[in-house]
Amino acid sequence: MASNSFFVLHVFLMFSLASMALSDSLSPSFYDHVCPEALPAIKRVVEDAVKQERRMGASLLRLHFHDCFVNGCDASILLDKTATIDSEKTAIPNNNSIRGFDVIDKIKSEVDKCCGRSIVSCADIVAVAARDSVVALGGPTWEVPLGRRDSTTASRTTANNDIPPPFLDLPALINSFKKQGLDEKDLVALSGGHTLGFAQCSTFRNRIYNDTNIDSTFASQRKANCPRRGGNTNLAPLDPTPALFDSKYFSNLVSKKGLLHSDQALFNGGQTDNLVKKYSTNLGSFSKDFAESMIKMGNIKPLTGNQGQIRVNCRKVNV
């Protein structure tokens, strides 16, 4: 009986692995049979990382954004530079600012240990870690569709071109998101990710010294830590509560206290004003739309089936 049970289990596991390899669509239950311990392991490592440094939650969320906007959600952002890999880590939007790689490495190690082999892709780890970071900081949860595979290439040029910079006006932001299959509601909801985290002085210096649609007291406060010259990496919070998922990011926009030019562009007499106003007084509505837009963003051009690979080391293509 014992040998028969083992045989049935072995056949079931082989069938599950084969089904994973052939699957061309994402599903929240993708790992349920082959490694049910995977998602709890990701959650444990993320919660521990956020407990040690609250800012890490925002960093892991940003990692997912910057991955998906460059040729889809394929973990290309994790690849280190080599003779054949044009690493996205040194692209202008990422250089000396994108973080969380060590946490992803730790998650990968823990998940592979739980699963007994490298079954869970780095791309799925990034997507789930973003969700778990939001939850750890008081935000909504959602079912993450899974089954992404990892890219074997990266593109610093595409990262420079497709990750929206912080100086864009509303029409350019709308076009940037439209290019990814995302609409105006997605733009506003996903920009609300700036309810978490900080920005470097170099990204908002021009706004606080030259923009006119800014609260003067707020501008003066930011100037204290962001001089006209120097201090490029000095940090300022993106909203008053940078370690708590709430609606104060939108309240700030209504009060002309958006830190980035691209933030304030969402509330500056354009077609997104009404949605910003709605979110500023309705956290439930923002949370619901944010979760839906995160799922939508996570579905941008995933590699599935036999495309790509499941990296053993998230920083390197398998040899």
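Modeller: Before we look at this predicted model, a pocket here is an open set of grid points with protein on both sides within 12 Å along at least five of seven lines.

Colleague: OK, what volume does the largest pocket have?

Modeller: About 1,200 Å³.

Colleague: And which residues lie nearest its centre?

Modeller: Arg 62, His 66, Pro 166, Thr 203 and Leu 260, out of 49 residues that line the largest pocket. Elements giving two or more residues to that lining include helix H7 (170-178), helix H8 (184-191) and helix H9 (201-210).

Colleague: Which element gives the largest share of the lining?

Modeller: That's H3, with 7 residues.

Colleague: How many of the lining residues are nonpolar, polar or charged?

Modeller: You get 24 nonpolar, 18 polar and 7 charged.

Colleague: New topic. What does the UniProt "binding site" annotation cover?

Modeller: Thr 195, Asp 239 and Asp 246, according to the unreviewed UniProt entry. They span 52 residues in sequence, but no two of their C-alpha atoms are more than 9.5 Å apart, so they gather at one spot.

Colleague: Where does Thr 195 lie, then?

Modeller: In the loop between H8 and S1. Thr 195 is in contact with Asp 239 and Asp 246, among others beyond four places in sequence.

Colleague: Is Thr 195 buried or exposed?

Modeller: Buried, because its relative accessible area is 0% and the cut-off for buried is under 20%.

Colleague: And Asp 246, buried or exposed?

Modeller: Asp 246 counts as buried too, at 9% relative accessibility. Asp 246 lies in the loop between strand S2 (235-237) and helix H11 (248-254). Beyond four places in sequence, its contacts include Leu 283 and Phe 286.

Methods: Residues are numbered from 1 along each chain as its sequence is written. This is a predicted model: local features need pLDDT of at least 70, side-chain atom pairs count only at pLDDT 80 or more; totals for chains, interfaces and linings use all residues. Side-chain values use heavy atoms; hydrogens and water are left out. On a 1 Å grid over the protein atoms alone, a cavity is a set of points where a 1.4 Å probe fits but cannot get out, and a pocket is an open set with protein on both sides within 12 Å along at least five of seven lines; lining residues have an atom within 4 Å of a point. Grid points are joined across faces, edges and corners, and a volume is the space filled by probe spheres set on the points. Helices (H or I, at least four residues) and strands (E, at least two) are DSSP runs, numbered from the N terminus. Ala, Val, Leu, Ile, Met, Phe, Trp, Tyr, Cys and Pro count as nonpolar, Asp, Glu, Lys and Arg as charged, and the others, Gly among them, as polar. UniProt positions are given in the numbering used here, feature names are shortened, and annotations may be inferred rather than shown by experiment. Buried means under 20% relative accessible area, exposed over 50%, partly exposed in between (1.4 Å probe, protein chains only). Contact means heavy atoms within 4.5 Å.
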